[in-house]
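Colleague: I have just opened this one and could use a guided look. Can we go through it together?

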Amino acid sequence: MSEKEAVAITIRAALPSDAMGVLDHIRQTSLETGFMTVGAEGPGIAPEEEKRHLEMIAESENNLLLLAVADERIIGMASIKGGTSPKIKHIGELGISILKEYWGIGLGTLLVKDLIEWAESSQVIKRLELTVQKRNERAIHVYEKLGFEQEAIMKRGVKDGGVYLDVCLMSQLIGEAD
């Protein structure tokens, strides 16, 4: 996508009918960047299994999957995955992926802002956390700009191409603790 090219992007919650598009997006982004936890092997999930997963997300009070869609194609995804145990139900793990051709246009910032707003209105999520490779400076900058703080460096947190890489654990507290 060229800098001057305008594109209409819609951000919406994922539906069970998006299962195939979600899997395609994961496959493509895993090939485009070494920042994902999924590699060239792909997600290893059948479309029917993904459809059931999307149904569970839609029915959950502490899970969300947002899709950024352009020309009926998923170009970005952002999620909050909440815990199931009562002791960790308040913690949402944030994840984001964007097709490489849409990097640098502010889409990641917009998606993370939408996740934070949803978490603040959820009445369940009190802590957002994420892991990001230390070498992914652009993503770390976005997270810090939006209020995330680094809590730890996990040495050898991921192995990519035979190389161990450090991973940052970042978090943001949401609302008041009850």
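Colleague: Where is Gln133 found?

Modeller: Gln133 is found in strand 5, which covers residues 127-133; strands here are DSSP runs of E with at least two residues, helices are runs of H or I with at least four, and both are numbered from the N terminus. This is a predicted model, in which local features need pLDDT of at least 70 and side-chain atom pairs count only at pLDDT 80 or more, while totals for chains, interfaces and linings use all residues. Residues are numbered from 1 along each chain as its sequence is written, and side-chain values use heavy atoms, with hydrogens and water left out.

Colleague: Is Gln133 buried or exposed?

Modeller: Gln133 is buried, because its relative accessible area is 6%, and buried means under 20%, exposed over 50% and partly exposed in between, with a 1.4 Å probe and protein chains only.

Colleague: And what does the side chain of Gln133 make a polar contact with?

Modeller: The partner is the side chain of Arg135, at 2.6 Å. A polar contact is a pair of N or O atoms within 3.5 Å; within protein, one must be able to donate a hydrogen and the other to accept it, and residues adjacent in sequence count only if both atoms are side-chain atoms.

Colleague: Zooming out, what is the strand order in the open sheet?

Modeller: The open sheet has 7 strands in the order 1-2-3-4-5-7-6, with mixed pairing, where two strands pair if DSSP finds at least two bridges between them. Strand 1 (10-13) and strand 6 (149-160) stand at the edges with a single partner strand each, so one side of each has no neighbour in the sheet. From one strand to the next, the twist averages 25°; axes are lines fitted to C-alpha atoms, for helices over the stretch in contact, and angles run from 0 to 180 degrees between N-to-C directions.

Colleague: In what sense do strand 6 and strand 7 pair?

Modeller: Strand 6 and strand 7 (residues 163-173) pair in the antiparallel sense, over 8 bridges, and Gln150 has Met170 in strand 7 as its bridge partner.

Colleague: Which strands does helix 4 lie across?

Modeller: Helix 4 (residues 137-145) lies across strand 4, strand 5 and strand 7, and runs at about 160° to strand 5; contact means heavy atoms within 4.5 Å.

Colleague: Switching topic, what is the phi of Asp71?

Modeller: The phi of Asp71 is near 50°, a positive value in a residue other than glycine, and Glu72 likewise has a positive phi, of about 60°, although it is not a glycine. Most residues other than glycine have a negative phi. Asp71 is found in the loop between strand 2 (63-70) and strand 3 (73-82), and Glu72 has its place in the loop between strand 2 and strand 3. Asp71 is exposed, with a relative accessible area of 72%, and Glu72 counts as exposed at 82% relative accessibility.

Colleague: How many aromatic pairs does the structure hold?

Modeller: The structure holds 1 aromatic pair. Tyr143 and Phe148 form this pair, which is edge-to-face, with 5.8 Å centre to centre and 65° between the planes. Rings of Phe, Tyr and Trp (its six-membered ring) pair if their centres lie within 6.5 Å, and planes under 30 degrees apart count as stacked, over 60 as edge-to-face and the rest as tilted. Tyr143 is buried, and Phe148 is buried as well.
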